[in-house]
Amino acid sequence: MTQPDLITDLQAEQDRLAGVLTALSPADWSRRSAAAGWTIADVVLHLAQTEEAVTGVLTGAFDATVWRQYGESVDEVMSALVNAAPSTPPEILSRWQTARRTSIQALRTADPDQPVPWVAAPLKPRTLATTRLAEHWAHGLDITAPLGLDWPDTARLRHVAWLGFGTLPYAFRLAGRTPKSVFCDLTAPDGSRWRFGDPTAASTIEGPAAAFCRVGARRLSAAESGLVTRGPDAAEALRLLRNYA
């Protein structure tokens, strides 16, 4: 999959969210989202801030290490940034719309082989774009679920599944564990198969890609996912799975 295809999918995911956000009532913006402690307005402000940071790191105008002054963990930092910038819903929506368009352009023109600093580690633009797609998809769930709105699974989840699989070594190391080889055999929303890793690996995770992505986003527990684990390390891999920093 080439970088332009990925960025086109990121833009499509953002466009889908824009369609939801522009239809919200003023009361909807103040409702609690499914992201703990945040309203829907808070979630969109967070997306705006992080899209601005994408452009900043790609252009060299922003030092990602400045985030460290806001907290010890990623969650603390992001909450502090949101709390430091209260805004009205129209201002937040406009800020996000501007930020996402600018970041898309920055991603399209970035050197694909040049890593840039990000929250946990330097990332190449393709991986950075994938994390942005995963975050917009996950926060789309956070926004639509409390409002009872549809947020259908699409083929774009392949990027999120790829990210979850690709960052399994990071997830193992973050937990103080030695990374293990795991094969993922996932069923796409259209019924096709997405396979990641070595099919001869001793450990396998099998089942719906939508569930795999939700577990990685911590929007669904491994126990309730319906995913099947086989082998010595698959259950632990599923428990540690994460598609975010």
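1. The model is predicted: local features require pLDDT of at least 70 and side-chain atom pairs pLDDT 80 or more, while totals for chains, interfaces and linings use all residues. Residues are numbered from 1 along each chain as its sequence is written, and side-chain values use heavy atoms, with hydrogens and water left out.

2. Arginine 100 lies in helix H5 (residues 89–109); helices are DSSP runs of H or I, at least four residues, numbered from the N terminus. Its relative accessibility is 6%, so arginine 100 counts as buried (under 20% relative accessible area, with a 1.4 Å probe and protein chains only).

3. The side chain of arginine 100 forms a polar contact with that of aspartate 15, at 2.9 Å. Such a contact is a pair of N or O atoms within 3.5 Å, one able to donate a hydrogen and the other to accept it; residues adjacent in sequence count only if both atoms are side-chain atoms.

4. Helix H6 covers residues 125–147, and its end C-alpha atoms are 33 Å apart, which agrees with the 33 Å that its 23 residues should span at 1.5 Å a residue (the expected span is 1.5 Å times one less than the number of residues). Because 19 of the 23 residues are buried, H6 is largely enclosed by the rest of the structure. Just after H6, glycine 148 has a positive phi of about 70°.

5. H6 also supplies eight residues to the lining of the largest pocket, the largest share.

Technical notes. Helices (H or I, at least four residues) and strands (E, at least two) are DSSP runs, numbered from the N terminus. Buried means under 20% relative accessible area, exposed over 50%, partly exposed in between (1.4 Å probe, protein chains only).
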